[in-house]
Amino acid sequence: MAGSEEEVKLFGSVGSPFVIRVQIALKLKGVEYNYQEETLGSLSDTLLKFNPVYKMVPVFLHKGKPISESLVILEYIDETWKHNPILPSDPYQRAMARFWSKFIDDKCVAPAWKSAFMIDEKEREKAAEELFEALQFLENELKDKKFFGGEEFGFVDIAALFIPLFKEVAEFKLFTSDQFPKLYKWSQEFYNHPVVKENMPSKDQLFGYFKARSATLAASRK
Ligand SMILES: N[C@@H](CCC(=O)N[C@@H](CS)C(=O)NCC(=O)O)C(=O)O
């Protein structure tokens, strides 16, 4: 209900991994929300009003107040709807979950995009090398755990959804079960999680998103 005190609304774009993060968190919590589709490259005035700083989706609106940045939104959701926690309760473990999620955004996301979509082969190889180095840290961090936090699916798993998504959609050859056996197994656990299954866009939608993004990236480099 527009304008309602309790209104929960998500501005997103189908296929965006950052938006899927928020959708998975909302599903885990069982929070109903309105969804507003945005067109990348031509965002609505409302979206720009809510996120004038970054001008990006996702934007999450709760009780009329906008929040942007997917990891910030995840924390807000976890603090607002406390059941089915996404972050661990122990302060040290919480700090570690934030650390690895930030690491994923800082060290994995850009090299993953570049190694999948850069046209220049040298640049692509350099990005792949950077990504390889970063994935090795995540491989080590997984140890023999089912999910990053242990038995329960949580914050870092949601943040790390780029990995299985790229592996699947961008036919990310770099990432084989031989190179990263733990991440490979984790990717399967990730996809098998019922909430993930329910919230993943179709392959066609994902391909559409990646195609549009790679065109935008290519145009921005001209
Ligand atoms: N750091 C942001 C990244 C969000 C982001 O990169 N969003 C892209 C789509 S995936 C976007 O909205 N781009 C604006 C546009 O293409 O018009 C987050 O975690 O939410």
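This note walks through the fold of one chain, point by point.

1. **Ground rules.** This is a predicted model: local features need pLDDT of at least 70, side-chain atom pairs count only at pLDDT 80 or more, and totals for chains, interfaces and linings use all residues. Residues are numbered from 1 along each chain as its sequence is written.

2. **Parts list.** The chain has 10 helices and 4 strands. Helices (H or I, at least four residues) and strands (E, at least two) are DSSP runs, numbered from the N terminus. Read from the N terminus, the order is β-α-β-α-β-β-α-α-α-α-α-α-α-α.

3. **Overall size.** A compact globule of 222 residues would have a radius of gyration near 17 Å, and the chain agrees, with 17 Å. That radius is taken over C-alpha atoms, and the globule rule is 2.2 Å times the number of residues to the power 0.38. Along the principal axes, the C-alpha atoms fill a box of roughly 50 × 45 × 30 Å.

4. Buried residues make up 32% of the 222 residues. A residue is buried if 20 or more other C-beta atoms lie within 10 Å of its own, exposed if 12 or fewer, and partly exposed in between; the C-beta atoms are placed from the backbone. Now take contacts in the chain with a separation of 6 or more: 66% of them link residues 24 or more positions apart. Two residues are in contact if their C-beta atoms, placed from the backbone, lie within 7 Å.

5. **The sheet.** Four strands form an open sheet: 4 strands in the order E2-E1-E3-E4, with mixed pairing. E2 and E4 (65–68) stand at the edges with a single partner strand each, so one side of each has no neighbour in the sheet. The twist averages 20° from one strand to the next. Axes here are lines fitted to C-alpha atoms, for helices over the stretch in contact, and angles run from 0 to 180 degrees between N-to-C directions.

6. **Who pairs with whom.** Two strands pair if DSSP finds at least two bridges between them. E1 (residues 8–12) and E2 (residues 34–37) run parallel, joined by 4 bridges. Phenylalanine 11 has glutamine 36 as its bridge partner in E2. E1 and E3 (residues 59–62) run antiparallel, also with 4 bridges.

7. E3 and E4 pair in the antiparallel sense over 4 bridges. Valine 59 stands opposite serine 68, and leucine 61 has proline 66 as its bridge partner. The hairpin has 2 residues between the strands, and lysine 63 takes a positive phi near 55°.

8. **The crossover.** E1, helix H1 (residues 17–29) and E2 make a right-handed β-α-β unit. Right-handed means this: with the strands pointing away from the viewer, the path from the first strand over the helix to the second runs clockwise.

9. **Helix H1.** H1 has 13 residues and spans 19 Å from its first C-alpha to its last, close to the expected 18 Å. The expected span is 1.5 Å times one less than the number of residues. H1 is largely enclosed by the rest of the structure, because 11 of its 13 residues are buried. Among them are Phe18, Ile20, Arg21, Ile24 and Leu28. The cover over the buried residues includes E1, E3, H3 (70–80), H6 (155–159), H7 (162–169) and H9 (194–199). After H1 comes glycine 30, with a positive phi near 70°.

10. **Valine 8.** This residue lies in strand E1. Is valine 8 buried or partly exposed? Valine 8 is partly exposed, because 17 other C-beta atoms lie within 10 Å. Valine 8 stands opposite histidine 62 in E3. Leaving aside neighbours within four places in sequence, its contacts are Val31, Glu32, Tyr33 and His62. Glycine 41 is 33 residues apart from valine 8 along the chain, and their C-alpha atoms are separated by 24 Å.

11. **Leucine 48.** This residue lies in helix H2 (residues 45–50). Leucine 48 has 13 C-beta neighbours inside 10 Å, so it counts as partly exposed. Which residues does leucine 48 contact, leaving aside neighbours within four places in sequence? They are Leu43 and Lys55. Serine 68 is 20 residues apart from leucine 48 in sequence, and 11 Å apart in space, C-alpha to C-alpha.
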